[in-house]
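The following questions and answers concern the structure shown below.

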Amino acid sequence: MEDVRRVISVIVMNESSVLARVSGLFAGRGYNIESLTVAPIPNSDLSRVTIVTNGNKRVIEQITKQLHKLVPTLKVIEHEEMVEKEMVLVKFSSDQNIADIQVLCEAYNGGIVNAGEDIIIIMAADESKRIEYFLEAAQRYSPIEIVRGGIVAIER
Amino acid sequence: MKMSGAQMVCEALIAEGVETVFGYPGGAIMNVYDEIYKQNSFEHILTRHEQAAVHAADGYARATGKVGVAMVTSGPGFTNAVTGLATAYTDSIPLVVISGQVSSSLIGTDGFQEIDAVGISRPCTKHNYLVDDIAKLPKVLKEAFYIASSGRSGPVLVDIPKDITAEIADFKYPKDVFVETYKPNYKGNDRQIKKAAEAILKARKPLLYVGGGTVLSNASDLVRKFAKMTQIPTVETLMARGVMGDSNPLLIGMLGMHGSYASNMAMSETDLIISLGARFDDRVTGKLSEFARYADIIHVDIDPANIGKLVDVDYPIVGDVSIVVKKLMDLIKEDINTDRYQAWREILARYEELHPLTYNDSDEVLKPQWVIEQIGKLLGKDAIITSDVGQHQMWAAQFYPFDRPRQWINSGGLGTMGFGFPAALGAKRGAPEKTVINITGDGSILMNMQELVTASEYKIPVINVILNNHFLGMVRQWQTFFYDKRYSETDLSYQPNFVALAEACGGIGYDVTTKEEFDKALKDAIKQDKVCFMNVIVSRFENVLPMVPTGGALYNMLLEHKDQ
Ligand SMILES: Cc1ncc(C[n+]2csc(CCOP(=O)(O)OP(=O)(O)O)c2C)c(N)n1
Ligand SMILES: [Mg+2]
């Protein structure tokens, strides 16, 4: 069985140690976490944990079932038809060609979010794969620091 | 009504109908113990170690089907209880364990006897709570009992900071529980059940594979009826011994690493596995790629995560064994043709004749298998048998004539040495009319021998039959087979005086080396109202056979009994 990449959303009660239950499950059972984001769901007592993982079919099935078994888990969504976005923040020296950087960012749904005397900070938000292309392209402007945000996804 | 958190704990236990709490006090749980002192509704048994308290609650739960309750203090009290939690977790035993915690203001400061109990127990409990607000305490306690005993049952820990047991608040114990995020499915999908029924009617060599879930679901009577109606042969897992009753002609035996030849061959040749509350553990399947190569699989389990975890399943059915079996019976009762499986039953009967479970008895030295058979002859269905972990456990599973579920109590999943004696105390408290025998080893018994004192104080007369081979026998057996007889750290030639040990703690002891002595000692011990250690010297190098070496295919068994 070959490994596949999966984005899984877990809707959980927003209560103490729930994130430890989710991440502990992955650590304890030897599942992979590529990225994990968590935030409360507005107007509810729930949180959404979005996890990117990979494994073969049996492993992915176990992951969703084990997540579902956690008492505070309301719902587990193994995304198929989804819109998926990741945000990235990058710091460059203002000596770089700012106009070029700006154009590049715009191609990835981003732009300059902060410009100081010595540095500029840009933001881009796109599918993970495209964020990787973006970062490759950004290499030529010698980024000083890169912060990736992890993935959020919504079913179409 | 206004009351303290400690009173709430007691009121909740009373409301849940708890009869016995096993526990051990300490600083962080003292408020609750003060309330225990003031009440008369339930009994508290002071074990002499927290691990034993949890095992005793566990044995009580296994013998009665009720939720077992244990109570411990923070820090070391809790960490001592962890093995008990893990043991119950692996075998899906319903427990509520209440632990004291340092006061809320001290949490996170490395306070005296502070340890992150919910953190440590997260992977070995079904669920756990750190109560951070007294307003939540009644609901948490109600949920704890509900979650422990519903769905796939298991242990639940409730960790309560000391300030919360002291605080006064309104108490109203909820009548109902509703946990929005937790809804076990009992019924099974009717379409899948129908397909499974059709598969049963079409099969030539179907096999009932019965596991511990059948015991937990109290489905034994139904499963026996199902087998009788269909005349489908049955194998039991270690956890399911007693479900079919050993006099049942449809029972082939126990399968797995130390299962019978016929059982393992049945599993290897069946064309349809009907798995009821079993989970395809590696000790059952042997090498997975060789496991049941000709079989389609019907898997009935209350826990969806068990289905498809290790083997691909053709008919997955998430539900309670009792409910699903009832539905299956309704669907096939018209069309079942029991003759269809006649040839298959004959094949298995021949396998049973070819290599029956057996041993070479001796007149010079007691054979452990003989001792177990003899207990069976003298007590049979009247006894509850608990066990520890090792060769003695496997022989007990193989050679005791089990008659009903909940008669056999052992740590199958975690394999916890030291489980048997405290579990026997709990079982005896839960079923006082039964004779309770712990079949144990000279290694295992020492791991909770302090419970002699508990047993004497509370007059819980359980009989520990120590099958004394002067070895950590099971490990020694592996060293014999797979490590060229290098007996690294398994020789227990240095022995305590078991009789004196029992007597020193208010019990009674017997040294036994012959069949006559054994008969006499057992008959005497049954009449006593004292806990007993029966030190039975058995042949040292006896091996548990058949054996499927780890990683080997189930049909490749070591069979020969060569006396050494
Ligand atoms: C707490 C614990 N420690 C270690 C083991 C590993 N182990 C399994 S069987 C066994 C030997 C048990 O010896 P004994 O109780 O004398 O039983 P015997 O096999 O000799 O019948 C050991 C050490 C275990 N199962 N549990
Ligand atoms: Mg031994």
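Q: In which strand is V113(A) found?
A: This is a predicted model, in which local features need pLDDT of at least 70, side-chain atom pairs count only at pLDDT 80 or more, and totals for chains, interfaces and linings use all residues; side-chain values use heavy atoms, without hydrogens and water. Residues are numbered from 1 along each chain as its sequence is written, with chains lettered from A and ligands numbered from 1 in the order in which they are written. Strands are DSSP runs (E, at least two residues), as helices are (H or I, at least four), numbered from the N terminus. In chain A, residues 111-115 form the strand that holds V113(A), namely β6.

Q: Is V113(A) buried, partly exposed or exposed?
A: Buried means under 20% relative accessible area, exposed over 50%, and partly exposed in between (1.4 Å probe, protein chains only). With a relative accessible area of 48%, V113(A) is therefore partly exposed.

Q: Which residues coordinate the magnesium ion (ligand 2)?
A: Donors are N, O and S atoms within 2.8 Å of the metal (3.2 Å for Na, K and Ca); water is not among the atoms, so sites may look incomplete. At 2.1 Å, the ion (ligand 2) is coordinated through OD, OD1 and O, respectively, by D442(B), N469(B) and F471(B).

Q: How many residues apart are D442(B) and N469(B)?
A: The donor spacing in sequence is D-x26-N-x1-F. D442(B) lies in the loop between β17 (435-441) and α18 (451-457) of chain B, and N469(B) in the loop between β18 (463-468) and α19 (473-482) of chain B; this pair links distant parts of the chain, 27 residues apart.
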